[in-house]
Amino acid sequence: MSKTSNIMRLALLQLKGSKDKVANVQNAVTKIEAAVKEHKPRLITLPECFNAPYGTKYFREYSETIPDGYTSQQLSNLARKHQVYIVGGTIPELGENDAIYNTCTVWSPTGDLVAKHRKMHLFDIDVKGGIRFKESETLSAGNDFTIINVDGHKIGIGICYDIRFEEMARLYRNAGCEMIIYPAAFNMTTGPLHWELLQRSRANDNQLFVVTTSPARDTSAEYVAYGHSMVVNPWAKVQQSASEGEEIVVADIDFSEVEQVRQQIPVFGQRRLDLYATERKAK
Ligand SMILES: NC(=O)CC(=O)C(=O)O
């Protein structure tokens, strides 16, 4: 598909969650309606696990099938009604063989499901005096890379912990992506240390836009999200950033910046591919 425009307006919705799934989804619906009315974005992004509490004991209870589940249907209707792309954060997905995935759905302006990305790297960490989390206690990992095409621009999709794996971002770059979108929910241990650093690293290494959308911080929640949803440009500069609370971040992406940095700092063509490689394995 040829590029119809180099400018794309995004709206990142940093939303506060609760244990009430319908209330969470309705909050997203209200904020999507507001973002469309006030800012007319082409593409809207939502946070990781926006319809459920983020915790291994909750994933099965809140899980839904895709695309016929309640949350999917709401997002599909909104995308069609407002003719926008929606990168629908993530929800716990009830998949085949009763497996549960942490899954991002992407909806086109016709309301069609254009992609479904299942978190590939499960968030299993144990930081002494900080946080222990083991997604693998209840979740299964996805095995597929996901690239969408919006107005001729290739955009890779990853989910939260996926951002720590440079190889995945590099594969997206190798496939021609100009942006990677990560719905994400870092926490109060890793957020201050790594949130911005990782985004700027992936943007710098691959000379593309990095976009993250986090839940708003709720200090009464069992898992306290860091917030600070962010857009980093291909120069690795923070273009826009939210604070901790509920917020709509509006960013006008100028995709011509991708070509500018790639021309001016041409590391991609200077790699020693005679000595090393990052390759996708056949499944
Ligand atoms: N929640 C995640 O998947 C990742 C995270 O919080 C981190 O990497 O830190």
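One aromatic cluster is formed by Y54, F59, F123, F133, Y161, F165 and Y223; rings of Phe, Tyr and Trp (its six-membered ring) pair if their centres lie within 6.5 Å, with planes under 30 degrees apart counted as stacked, over 60 as edge-to-face and the rest as tilted. The model is predicted, so to speak of local features a pLDDT of at least 70 is needed, side-chain atom pairs count only at pLDDT 80 or more, and totals for chains, interfaces and linings use all residues. Residues are numbered from 1 along each chain as its sequence is written, and side-chain values use heavy atoms, with hydrogens and water left out.

The structure holds 12 aromatic pairs. In one of them, the ring centres of F133 and Y223 are 5.4 Å apart and the planes stand at 75°, so this pair is edge-to-face. The partners come from distant parts of the chain, 90 residues apart: F133 sits in strand β8 (residues 132-134), and Y223 in the loop between β12 (209-213) and β13 (230-232). Helices (H or I, at least four residues) and strands (E, at least two) are DSSP runs, numbered from the N terminus. F133 is buried, with a relative accessible area of 8%, and Y223 also counts as buried, at 11%. Here buried means under 20% relative accessible area, exposed over 50%, and partly exposed in between (1.4 Å probe, protein chains only).

W195 and Y226 make another edge-to-face pair, because their ring planes are at 75°, with the centres 6.4 Å apart. This pair, too, links distant parts of the chain, joining W195 of helix α5 (residues 190-206) to Y226 in the loop between β12 and β13, 31 residues apart. Both W195 and Y226 are buried.

Turning to the ligand, the residues around it are Y54, K119, F123, C160, Y161, R164, A185, F186, N187, T190 and Y223, each with a heavy atom within 4 Å of the molecule. Polar contacts (pairs of N or O atoms within 3.5 Å; within protein, one must be able to donate a hydrogen and the other to accept it, and residues adjacent in sequence count only if both atoms are side-chain atoms) are found at several of these residues. A side-chain N or O atom of T190 is 2.6 Å from a ligand oxygen, and a backbone N or O atom of Y161 lies 3.2 Å from an oxygen atom of the ligand. For Y54, a side-chain N or O atom is 3.2 Å from a ligand nitrogen. The protein covers 100% of the 270 Å² of accessible area that the ligand has on its own.

Key
Accessible areas come from the Shrake-Rupley method with a 1.4 Å probe; for residues, only the protein chains shown count as cover.
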